[in-house]
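Visitor: I'd like a close look at just one part of this protein. Could you walk me through it slowly?

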Amino acid sequence: MTADETPDPDRPRPIRQETPAQRADRNWVELLQELRVLQTGVQVLTGFLLILPFQAEFESLDTYQRTVYLTLLVTSVLATTLLTAPVSLHRALFQRHLKIPVVGTGDRLARAALAALGLTLTGTVLFVFDVVVGRVSGVVAGGAVLVVIVALWVLVPAWLRRRADPVT
């Protein structure tokens, strides 16, 4: 790459020359790739949470820990459901010429899935630390994870969005 080819963040980016249908197709493919990345991890976490009650030590959990566990199970299943919903939506509306609303709805479902996943990850760390080290450590560790998630998933993208030109 020459000096002339180095991207300049202050210079406007060229706008893609594509039709709305082509843009919807491209955005759908990108969304599916993102969902594939998330889906496996969320399914493994959900599976882990589903087997916990069948472990001998589960009986020793106090009421708070059981409540946290059940909340985690619900948020994890919700994240899994939200991650698979765009595919179900696409199947239900296949060949109905509704790709643009399907992509928009799929995007909103993926964002909701990320929120559910963020809560599940935060709560899982809180739960594990609470069981292994203690309540205060659980709250501190869960809070730290929440701060990192908000920083990386919300604040950094917002900061980059403010610096960038509008994306089409």
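Which residues make the nonpolar surface patch of about 1,000 Å²?

Guide: Happy to, and keep in mind that this is a predicted model. The patch is built from Leu 114, Leu 121, Leu 146, Val 148, Val 150, Leu 152, Trp 153, Val 154, Leu 155, Val 156, Trp 159 and Leu 160. Two elements, α3 and α4, each give two or more residues to it. The biggest giver is α4, with 10 residues.

So let's look at α4 itself. This helix covers residues 135–163, which makes 29 residues. From the first C-alpha to the last, α4 reaches 41 Å, close to the 42 Å expected at 1.5 Å a residue.

Not everything in α4 is out on the surface. Gly 138, Ala 141, Gly 142 and Ile 149 are buried in this helix. Among the things covering those buried residues is α3, residues 99–132.

Now hop over to α3, where you'll find Leu 121, one of the patch residues. Leu 121 has 31% relative accessibility, so it counts as partly exposed, because that label runs between the 20% limit for buried and the 50% limit for exposed.

Thr 80 counts as buried because its relative accessibility is 18%, and buried means under 20%. Leaving out residues up to four places away in sequence, Thr 80 touches Val 42, Gln 43 and Thr 46.

Note on methods:
Residues numbered from 1 in each chain as written. Predicted model: local features only at pLDDT ≥ 70, side-chain atom pairs only at ≥ 80, totals over all residues. Heavy atoms only, no water. Helix = DSSP H or I, 4+ residues; strand = E, 2+ residues; numbered from the N terminus. Expected span 1.5 Å × (residues − 1). Buried < 20%, exposed > 50% of the residue type's maximum accessible area, 1.4 Å probe, protein only. Contact = heavy atoms within 4.5 Å. Patch = residues over 30% accessible without salt bridge, like charges linked within 9 Å, V, L, I, M, F, W, Y side chains within 5 Å. Areas by Shrake-Rupley, 256 points an atom, 1.4 Å probe, with all protein chains shown as cover. Salt bridge = Lys/Arg side-chain N within 4 Å of Asp/Glu carboxyl O.
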